[in-house]
Amino acid sequence: EGIHDSAYIYYDKEWHLCNVKLSAIRYTRSYSRLQEEPATIYIKVLWIHKNKDEPIELYSELDEDRYETKKVEIFIDDTAGYAEEKQSYGETLLGKCPIPSLEDINSNPEFKAKSITKEEFFAIWNKYVPFQK
């Protein structure tokens, strides 16, 4: 058990967490479940820090319950990791818990979150995820 020092998040020894704050965006294992025609939400989160080993931009596609279905993480050197149910690259994984509201995310000064369009999300997805059309 431990606390992630920059975001004050509780996690267990396998990096599983369900929290009402911010780092559920980053430090969780993949989650899959059956869904029927969910209302999809797209968000962009800027993470303000100087750690080259952590992403500075996070793009997520969320289902109606705010679980991630796709994610792209971009690092300061413009490298990226991504995840979806059937594939991932780098250390990027889908969250196991619902992503907090934009208001909750923005309550921490390390983060700046906003809604984006489906087109904005897929412009990033198609840029960083190989073989996507």
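Mentor: In the hairpin of E4 and E5, five residues lie between the strands, and Arg66 takes a positive phi near 70° there. This is a predicted model, in which local features need pLDDT of at least 70, side-chain atom pairs count only at pLDDT 80 or more, and totals for chains, interfaces and linings use all residues. Residues are numbered from 1 along each chain as its sequence is written, and side-chain values use heavy atoms, with hydrogens and water left out.

Trainee: How many bridges are there between E4 and E5, and in what sense do they pair?

Mentor: E4 and strand E5 (residues 68-74) pair in the antiparallel sense over six bridges, where strands are DSSP E runs of at least two residues, helices are H or I runs of at least four, both numbered from the N terminus, and pairing takes at least two DSSP bridges. Leu62 has Glu68 in E5 as its bridge partner.

Trainee: And what about E3?

Mentor: Strand E3 (residues 41-47) also pairs with E4 in the antiparallel sense, over six bridges, and Tyr42 has Glu61 of E4 as its bridge partner.

Trainee: Why is E4 described as largely enclosed?

Mentor: Six of the six residues of E4 (residues 57-62) are buried, so the strand is largely enclosed by the rest of the structure; buried means under 20% relative accessible area, exposed over 50% and partly exposed in between, with a 1.4 Å probe and protein chains only.

Trainee: Switching topic, which residues of H2 are buried?

Mentor: In helix H2 (residues 118-128) they are Phe121, Ile124, Trp125 and Tyr128, whereas Glu119 and Lys127, on the other side, are exposed.
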